[in-house]
Amino acid sequence: VDPVSGIGRGYIHVYTGEGKGKTTAALGLALRAAGNGLKVLVIQFLKGPEWTGERIAAEKLAANLQIRPAGRGGVLAPSDITAEDRALAREALDEAGRQTVSRDWDVVVLDEINTACSLGLVDVRDVLGIMEAKPAGVEMVLTGRGAPEEVTERADLVTEMKEVKHYFKRGVTARAGIEK
Ligand code: ATP
Ligand code: MG
């Protein structure tokens, strides 16, 4: 697939809401794009360098799919935020901005950027800046709960995962292979 003509005009997706499937949907799109020969970069806000299934799998598709951690796991509430988290979020935003305009990627996934925004770790104006700077041929996906209205307004596609049931409520925490 010719990466330039592969997707034509690129659009901006937002996957938000309380139900399971936001990151999974973004990774599914990333897999599909990589399989079509497109170059995909996933920057994971709020996720540390610990292994995840998607990172191990991405190593096998490295020519087309890169997943980069950019943060620290375990930041769930504004009270968890440290100065280091702010510095990491700043770096992740700068990296996202640079990579989006670099012409190295056809698809850029900013995983948990909405969450980082709703926690107050990143400024929505910076997110809007990255969205505005997106070259026409790049597809962009922003995931995470609590996407700001300014972000969903400017997106071309917004999906809200609705929780109908989740086993998390029965005490089933993240399992390797299914949630990580
Ligand atoms: P996935 O990565 O499975 O697609 P997601 O990206 O939609 O999920 P996140 O908001 O990123 O969901 O949540 C990731 C983690 O939070 C999961 O590992 C899960 O254990 C936990 N979680 C999911 N749903 C809930 C919930 N309703 N309440 C609290 N924690 C939840
Ligand atoms: Mg997620």
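Mentor: Start with Thr 23: one of its polar side-chain atoms lies 2.9 Å from an oxygen atom of ligand 1. Keep in mind that this is a predicted model.

Trainee: How much of ligand 1 does the protein bury?
Mentor: The protein buries 81% of the 630 Å² that ligand 1 exposes when taken alone.

Trainee: Which residues come nearest to ligand 1?
Mentor: There are 13 residues around ligand 1, and the nearest are Lys 20, Lys 22, Thr 24, Arg 145 and Glu 163.

Trainee: What about Lys 20, how far is its side chain from an oxygen of ligand 1?
Mentor: 2.6 Å, from an N or O atom in the Lys 20 side chain to an oxygen atom of the ligand. His 166 also has a polar side-chain atom 3.4 Å from a nitrogen atom of ligand 1.

Trainee: Is Thr 23 buried or exposed?
Mentor: Thr 23 is at 15% relative accessibility, so it counts as buried. Glu 112 counts as buried too, at 15%.

Trainee: Switching topic. How many aromatic pairs are there?
Mentor: A search of the whole structure finds 0.

Trainee: And what sits over the ring of Tyr 167?
Mentor: The charged end of Arg 175, 4.8 Å from the ring centre.

Note on methods. Residues numbered from 1 in each chain as written. Chains lettered and ligands numbered in written order. Predicted model: local features only at pLDDT ≥ 70, side-chain atom pairs only at ≥ 80, totals over all residues. Heavy atoms only, no water. Buried < 20%, exposed > 50% of the residue type's maximum accessible area, 1.4 Å probe, protein only. Phe/Tyr/Trp six-rings, centres within 6.5 Å; stacked < 30°, edge-to-face > 60°. Lys NZ or Arg CZ within 6 Å of the ring centre and 35° of its normal. Near = heavy atom within 4 Å. Polar contact = N/O pair within 3.5 Å; in protein donor to acceptor, adjacent residues only side chain to side chain. Areas by Shrake-Rupley, 256 points an atom, 1.4 Å probe, with all protein chains shown as cover.
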